[in-house]
Every structure is written in structure tokens, then in C-alpha cells.
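This briefing covers the side-chain contacts and the surface of the structure shown below, grouped by topic.

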Amino acid sequence: MGTMAAVRGGRGAARKAANSSAMDAAARWGLAARGVLYCLVGLLALRLAFGSGEQADNGGALRELGRQPFGAFLIWAVGIGIAGLALWRLSEALFGAAGPDGRKARKRAMSAGRAVFYGFMAYSMISFAIKDQGSGSSDKKSRDVTADALGWPAGQWLVGIAGLVIAGAGVWIVVQALRRSFHKHLKHAQMSQGARKVVDVLGVVGGVARGALFAVAGVFAVRAALDYDAGQAKGMDDTLRSFADTPAGPWLLAAIAVGLVLFGVFSLALARWRRV
């Protein structure tokens, strides 16, 4: 009886922490940190479109932060913010998200996936801050991980399925953005009519650009599996560069880059007006 009471007490304390003002602050800090990263990646991609050789991914964004006054502090702030985002998503997976359908198994599974994704991001950024050295490019990491995975039993299938999942997530992000599904998460009562219109544009355009980036990266992973060639896998930087190789040329890359900046601003708006 005592053990069961202790377990119930522990669960109650964890649920209380998940619904606390501290978790609310962690989620909003994390959304703001994500916004800063996407704004920087978008700006770096915009430079790529017009001839700059900068690395347009999270590593490039962190190096850009490091060049600013109090750069080390800014990198730590972003890394801790992304860790807070992972913790918030983990709490949603364990106890359910805000909203009438937040406790459904599908929603909780999606939150668990996001917790893992942001957890890896946070680990990479905090490692960058601790080591105080340049992060490896996302392209090299993608090729290395893909090469290792192809060497596993059924590795070709695993890489292909992972690519399909990433591509599918990209398409889902695009569809959700076009459907304006983010509306149900906003505190509309606290927003002016003008703010609602601006956030609407940011969410749609930014979400489509972000989804396109994920979808194309997933397609490259599938190609790597089909060809049994890790060199076909691409990280964020090479995926962005691939948009410039289309018939639309650098203008498509520029459009995606602007969209990523808008998604970054949308994330900053969510930090202010999202229901957590």
C-alpha cells in the first residue's frame, strides 16, 4: 500500500510540474529559441541564394550567434531553450497536451516524437556551447548516420522507412499549415485583429516552407536507401542548396529562405500567444 501511495504521489507531483508556471515558461522560452534558429538559418539560406558560401543549418546559425556580443551566452540561451521545448513535449507525451483532444494516443505519440527530435537538437547545441568549437555540418552528420544505418541488418529498409517518415512529416506540416491548424492553439482573446492576420500569414507561409524542407530531405534519404549510397543523404544545408538546382534556380531557394525566416517569426509569436 505504501509503495502504491508513493507511486501515485510521484505521478501527481510530475503532473503538477507539467502544468506549472515553470513548464509554461520553459515552453515559451523554447519556442522563442526555435524562432531565433529558424530566422538565422533562413537568413543564411538567403545569402546562399545570392552567392555566399555560408553553412545554412543549425551549426551555421550557432556560429552566427557566437560572432555577436555575448555570443557564448546567446548559444547557451538557445540550447537551454530547445531543451525546455523537449521537456515540454515530453510532458505532453506523458500527461496530454492542452486542448480537448490532447490526451489522445495519436497526439501523445506525436509529442513523444517531437520530444526526441528536440532532445537531440538540445544535446547538439549544448555540446557546441561546452566545447566552444564549430559544429560539424548537418550534411556530414546525415551521411555518417546513413552510412552506419545501411551497415545494419535490414539497414536499407530502415533508412528507406526513416526517409518516408521524414518526407511524410514534411507533407503533413504543409497540409497543417494550409489548413491553419495552428488556430486552435492560439489565445485569440489576447490578440488584436491585426495580430491575428499577421500570425495567420506567418503560420501558413512559414509552415509551407518548413514542410517543403523536411519533405525534400526525406526524399534524399529514400534515394540513399534505394541506391545503397549514403552520399545521397543530405542535411539541412545541402537540402537547401538543392532548391537552387531546380529550373527555378536561386529564386526558389530565396523563396524557401524567406519562408523559414517567417516561420522563425511565427515561432516568436507562438512564444507570446500559444496555449501551453
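Y118, at 4% relative accessibility, counts as buried, where buried means under 20% relative accessible area, exposed over 50% and partly exposed in between, with a 1.4 Å probe and protein chains only. The model is a predicted one, in which local features need pLDDT of at least 70 and side-chain atom pairs count only at pLDDT 80 or more, while totals for chains, interfaces and linings use all residues. Residues are numbered from 1 along each chain as its sequence is written, and side-chain values use heavy atoms, with hydrogens and water left out.

**Overall fold**

- The secondary structure comprises ten helices and zero strands, where helices (H or I, at least four residues) and strands (E, at least two) are DSSP runs numbered from the N terminus.
- Of the 276 residues of the protein, 44% count as buried.
- L164, which lies in helix α7, is exposed with a relative accessible area of 56%, and its C-alpha atom is separated by 8.7 Å from that of A215, 51 residues apart along the chain.

**Aromatic pairs**

- Six aromatic pairs are counted, under the rule that rings of Phe, Tyr and Trp (its six-membered ring) pair if their centres lie within 6.5 Å, with planes under 30 degrees apart taken as stacked, over 60 as edge-to-face and the rest as tilted.
- F117 and Y118 form an edge-to-face pair, at 5.2 Å centre to centre and with 70° between the planes; F117 is partly exposed at 36% relative accessibility.
- The rings of F117 and F214 have centres 6.2 Å apart and planes at 55°, so this pair is tilted.
- That pair links distant parts of the chain, with F117 in helix α5 (residues 105-131) and F214 in helix α8, 97 residues apart; F214 counts as buried at 18% relative accessibility.
- One aromatic cluster is formed by Y38, F182, F263 and F266.

**Salt bridges**

- Eight salt bridges are found in the whole structure, each being a side-chain nitrogen of Lys or Arg within 4 Å of a carboxyl oxygen of Asp or Glu.
- R28 and D24 meet through their side chains in a salt bridge of 3.0 Å, N to O, and these residues, four apart in helix α2 (residues 21-49), are separated by about one helical turn. R28 counts as buried at 14% relative accessibility, whereas D24 is partly exposed at 27%.
- D144 and K140 form a salt bridge of 2.8 Å, N to O, and they too are four residues apart, in helix α6 (residues 138-150), with about one helical turn between them. D144 is partly exposed at 37% relative accessibility, as is K140 at 48%.
- D238 and R143 meet in a salt bridge of 3.7 Å, N to O; D238 lies in helix α9 (residues 236-243) and R143 in helix α6, so the pair ties together parts that are 95 residues apart in sequence.
- R47, E64 and R67 are linked in a network of salt bridges.

**Charged surface**

- K104, R106, R179 and K184 form a positive surface patch, a patch being made of residues with over 30% relative accessible area and no salt bridge, with like charges joined within 9 Å and nonpolar side chains (Val, Leu, Ile, Met, Phe, Trp, Tyr) within 5 Å.
- K184 is placed in the loop between α7 (155-178) and α8 (193-227), and K184 is partly exposed, with a relative accessible area of 40%.

Methods: Accessible areas come from the Shrake-Rupley method with a 1.4 Å probe; for residues, only the protein chains shown count as cover. Lys and Arg count as positive and Asp and Glu as negative; His and the chain ends are not counted. The place of a charge is taken as NZ of Lys, CZ of Arg, CG of Asp or CD of Glu.
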